[in-house]
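This dialogue shows how a structural model may be read feature by feature.

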Amino acid sequence: MSETLTEFAGTLLDATDHGSDYLENMLTIVTTCWNIGTVTEDMAHEMRATFSESLLEWMPEAVDEMERYLDILITARRIFYADDPRFIISHHLTWTGPGPDEYFLQVASICLPVEERFSGRSAAVGLASGKGMGRFRVPPLTDAETQLKRLINRGFKLLPDSTAKTGEDSNALVMACETWLDAWEMIKNLYRDHSSLETIGLRMNFILHSWSSDLDIHLLNATLAEPSLVEKGITFFREFLEYFPESDPDIHKSYRKALALLQFRARAHEEGDATFAALVKDYPDSTWSYIGWGDVYNPTNLRTFFGDVPADSERAKKIYQTPIDRELEDADHARDRIDQLLAFERDKTPTPEAHD
């Protein structure tokens, strides 16, 4: 059973760039998907719901991205291993050395009776015999993808930890971002035929999702320490939006907001305004886009953070007011911004002198 499970998981169990914790966590996911694909549909739905709940507690930041991959694994189990009656009851890893591949896997299983197993064999055969089968077979990483994966992971390893000193922290963040921008040059060449990250194969999608999800925040912070990253960041965000126009809307909103902020830092104020205006036009229900735009003119924020654009309380309040008037989700945060501005203005107003 251990050989079958290893074959089923493919390179998902490759811990070379991830370490032992990754391998043990991935084994839990793979064995659960194997079992869900083994049982009847009613039982599978129940197990799937329970597993999704546990994932939400276990890794809430990645659960949305992982959900569709669980279904791919479950479907692959039903198609390619439909005749295998085994249900995994336990697995155990014994590490035999310090290397990521130096382990011994033991798997215990039982054979389920026919009435307790998934009965979609005929449908699965039809799919497996056609061209549709190919999309469930995940090809191994190419040499270039392996290099890209290692480069992205190198950036994560460079990220500063919470114990780093301020100077060291900034330098490490800058090096991490420069490494990830190098990775972007590879991504452009490798996946030029894709219109979104989500259509890239399963074995690269996890690492690409991790790379892209917080890159806007990391770059914005890094540019405060290294001004040369401002123009590089502007180029990156423009290129990403051009190369992957159909990527997740949340990524687009975040990246366009970051692009606008970097344009302000580059003192291209009109371009920054134009980018924000286009953003709220395309995503009129995105409260945080309005808030990000209003923050640029909020006098309670540091001017250097926004390219020394002149503070304008009235303009900030007008932008903040839009999601409030439209009763959008999270509009209370815009209301908080306005309240803070009003308090700031009251504190700045001179108090009339008392007369005898």
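Q: What secondary structure does the protein have?

A: The model is predicted, and it should be read as such. The secondary structure comes to 15 helices and two strands.

Q: How many of the residues are buried, as a percentage, and what share of the contacts with a separation of 6 or more joins residues 24 or more positions apart?

A: Of the 356 residues in the protein, 42% are buried. Among contacts with a separation of 6 or more, 64% are between residues 24 or more positions apart.

Q: Which residues have the most contacts inside the largest nonpolar core?

A: A nonpolar core is a set of buried residues of nonpolar type joined through side-chain atoms within 4.5 Å. In this model the largest one has 58 residues, and Leu 208, Trp 211, Phe 236 and Phe 240 have the most contacts inside it. Helix H7, residues 166-190, gives the most to this core, with nine residues. Apart from this core lies another, of 30 residues, among them Phe 8, Ile 36, Leu 93 and Leu 112.

Q: Which residues is Phe 240 in contact with, leaving aside its neighbours within four places in sequence?

A: With those neighbours left aside, Phe 240 is in contact with Trp 184, Leu 197, Trp 211, Ser 247, Ile 251 and Tyr 255.

Q: How is the packing of two helices to be read, and at what angle do H11 and H12 cross?

A: One reads the angle between the N-to-C directions of the two axes; an angle over 145 degrees counts as roughly antiparallel. The axes of helix H11 (residues 249-265) and helix H12 (residues 269-282) cross at roughly 160° and come within 7 Å. That angle makes H11 roughly antiparallel to H12. The crossing in which H11 passes H12 is left-handed. On the H11 side the contact includes Lys 253, Arg 256 and Phe 264, and on the H12 side it includes His 269, Phe 276 and Asp 282. By class, the residues of the contact of H11 with H12 are seven nonpolar, four polar and six charged.

Q: At what angle do H14 and H15 pack?

A: Helix H14 (residues 313-325) and helix H15 (residues 331-348) have axes 8 Å apart and pack at an angle of about 155°. H14 is therefore roughly antiparallel to H15. H14 passes H15 in a left-handed crossing. Residues of this contact include Tyr 320 and Ile 324 of H14, together with Ile 338 and Leu 341 of H15. The contact of H14 with H15 comprises nine nonpolar, two polar and five charged residues.

Q: Are H11 and H13 roughly parallel or roughly antiparallel?

A: Angles under 35 degrees count as roughly parallel. H11 and H13 pack at about 10°, with their axes 10 Å apart, and they are therefore roughly parallel to each other. Lys 257, Leu 261 and Phe 264 in H11 meet Trp 288, Gly 292, Val 296 and Tyr 297 in H13. This contact of H11 with H13 divides into five nonpolar residues, one polar and one charged.

Q: How many residues of H13 are buried, and what covers them?

A: Buried means under 20% relative accessible area. Ten of the eleven residues of H13 are buried, so this helix is largely enclosed by the rest of the structure. The buried residues include Tyr 290, Ile 291 and Trp 293. Their cover includes H11, H12, H14 and H15.

Q: Which residues does Ser 2 contact, leaving aside its neighbours within four places in sequence?

A: Ser 2 is in helix H1, residues 2-9. Apart from those neighbours, Ser 2 is in contact with Leu 105 and Val 107. Ser 2 and His 92 are 90 residues apart in sequence and 10.0 Å apart in space, C-alpha to C-alpha. Ser 2 counts as partly exposed, at 25% relative accessibility.

Methods: Residues are numbered from 1 along each chain as its sequence is written. This is a predicted model: local features need pLDDT of at least 70, side-chain atom pairs count only at pLDDT 80 or more; totals for chains, interfaces and linings use all residues. Side-chain values use heavy atoms; hydrogens and water are left out. Buried means under 20% relative accessible area, exposed over 50%, partly exposed in between (1.4 Å probe, protein chains only). Helices (H or I, at least four residues) and strands (E, at least two) are DSSP runs, numbered from the N terminus. Contact means heavy atoms within 4.5 Å. Axes are lines fitted to C-alpha atoms, for helices over the stretch in contact, and angles run from 0 to 180 degrees between N-to-C directions. Angles under 35 degrees count as roughly parallel, over 145 as roughly antiparallel, 65 to 115 as roughly perpendicular and the rest as oblique. A crossing is left-handed if the near helix is turned anticlockwise from the far one by less than a right angle, and right-handed if clockwise. Ala, Val, Leu, Ile, Met, Phe, Trp, Tyr, Cys and Pro count as nonpolar, Asp, Glu, Lys and Arg as charged, and the others, Gly among them, as polar.
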